[in-house]
Amino acid sequence: MTVDRYTKVIMTVFSLAVLLNGLNPWINPSQAVAIENTATNGTKNINNCSSQDRKNSIKTLEGVNNLERLLGYVESSVNDIQLTVKGIDRKVSEYLSRNATKRE
């Protein structure tokens with residue numbers, strides 16, 4: 001397969017770019033630093049949360065509780081449906097076995 005000079009140059013540049021992209025975590029690692037935002041005054045912590053932040057966190061907690069309640073309802077409904085389907089399958093198999101014995 002013949003490849004012209006321009007294609008070779010482009011493929012070389014592309015290969016080097018992919019190689020350097022793969023080596024980036026070793027060449028220039030990102031900083032993994034945790035910064036604490038709470039101010040401390042001796043042994044007493046000063047909470048910088050506003051009342052709006054507290055209201056939002058309560059709403060979020062209520063939303064999570066409502067979602068868990070809804071998921072529990074959906075799970076119980078799915079279990080009821082599965083039990084109904086199993087019962088229907090059992091009745092159909094019994095019906096088919098009765099009809100098979102009557103035909104013989």
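Analyst: Accessible areas come from the Shrake-Rupley method with a 1.4 Å probe, and for residues only the protein chains shown count as cover. On that basis the protein exposes about 10,200 Å², and carbon and sulfur atoms supply 59% of it.

The model is predicted, so local features need pLDDT of at least 70 and side-chain atom pairs count only at pLDDT 80 or more, while totals for chains, interfaces and linings use all residues. Residues are numbered from 1 along each chain as its sequence is written, and side-chain values use heavy atoms, without hydrogens or water.

Now the patch. L16, L19, L20, L23, W26 and I27 make a nonpolar surface patch of about 670 Å². Patch members have over 30% relative accessible area and no salt bridge; nonpolar side chains (Val, Leu, Ile, Met, Phe, Trp, Tyr) are joined within 5 Å, like charges within 9 Å. L19 sits in helix α1. L19 has 48% relative accessibility, so it counts as partly exposed. The classes are buried under 20%, exposed over 50%, and partly exposed in between (1.4 Å probe, protein chains only). Buried residues make up 2% of the 104 residues.

Next, the helix itself. Helix α1 covers residues 5-27, 23 residues in total. The expected span is 1.5 Å times one less than the number of residues. α1 also bends by about 30° at N21, with a proline, P25, following within four residues. That bend is the angle between axes fitted to the seven residues ending there and the seven starting there.

Among the elements, α1 has the highest mean pLDDT (91), and strand β2 (residues 44-46) the lowest (48). pLDDT is the predictor's confidence in each residue, from 0 to 100. The protein averages 79, and 76% of residues score at least 70.

Helices (H or I, at least four residues) and strands (E, at least two) are DSSP runs, numbered from the N terminus.

Helix α2 (residues 51-103) holds R90 and E94. Their side chains meet in a salt bridge (3.9 Å, N to O). The rule is a Lys or Arg side-chain nitrogen within 4 Å of an Asp or Glu carboxyl oxygen. The count comes to one. R90 and E94 are four residues apart, so about one helical turn separates them. R90 is partly exposed at 47%, and E94 is partly exposed at 35%.
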